[in-house]
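Work through the exercises below with the structure in view. Try each task before reading its solution.

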Amino acid sequence: MYKLIQIVLFLLIFSSTWAQSFYNIDSLEFALSNKNDSYEKMEILSELTDLLLTYDPDRALIYSQQTLEIAEINDSYEFRLRSYLQMSEIYLSKTNLKKSLEFAFKSQNLAENLDKEKEYAEALILLSRIYTELGDYEKSADLNYQALKIFEEQKDEI
């Protein structure tokens, strides 16, 4: 009986979280359709991508690609970097390691050029996860330690 109560409580909590996420997605999609400003569109598209990463990676990829297109047109390197990180994450979740690696390297290089330490460390973590999938645990561990050092210097508790 105790186990049944635990399962029911878990399902209730999970379903309310799931419903809240879908409400946010619907609200953002509605807001997106009413925006003309490129920066606001990129912000909404990027947020939608983050919300959909685990639920619907295919849709998340579409939104991230749209963000990247607008970012390239508007020379927004910050959103370009954000899109690269998101796309690497999406392709990793879809086990397309070649594409994930491509976007992880792009994000690493752009973060380095923009002097964005946190995003550089995030790219290192993505690369580490990719190398773990490829079975290169030594390279993966090395990248994790590099990222950890950056996060510690930034006093970021990720």
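The model is predicted: local features need pLDDT of at least 70, side-chain atom pairs count only at pLDDT 80 or more, and totals for chains, interfaces and linings use all residues. Residues are numbered from 1 along each chain as its sequence is written, and side-chain values use heavy atoms, with hydrogens and water left out.

**Exercise 1.** Find the helix that holds Ala123, and decide whether Ala123 is buried or exposed.

Solution. Step one: Ala123 lies in helix H6, residues 117-133 (helices are DSSP runs of H or I with at least four residues, numbered from the N terminus). Step two: Ala123 has 0% relative accessibility, so it counts as buried (buried is under 20% relative accessible area, exposed over 50%, partly exposed in between, with a 1.4 Å probe and protein chains only). Step three: neighbours within four places in sequence aside, Ala123 is in contact with Leu85, Ala104, Ser107 and Gln108 (contact means heavy atoms within 4.5 Å).

**Exercise 2.** Which side chains make a polar contact with the side chain of Ser128?

Solution. Step one: Ser128 is also placed in helix H6 and is buried, at 2% relative accessible area. Step two: its side chain makes polar contacts with the side chains of Ser140 (2.8 Å) and Asn144 (2.8 Å). Such a contact is a pair of N or O atoms within 3.5 Å; within protein, one must be able to donate a hydrogen and the other to accept it, and residues adjacent in sequence count only if both atoms are side-chain atoms.

**Exercise 3.** How far apart are Ala123 and Lys106 in sequence and in space?

Solution. In sequence, Ala123 and Lys106 are 17 residues apart. In space, their C-alpha atoms are 8.8 Å apart.

Note on methods
Helix = DSSP H or I, 4+ residues; strand = E, 2+ residues; numbered from the N terminus.
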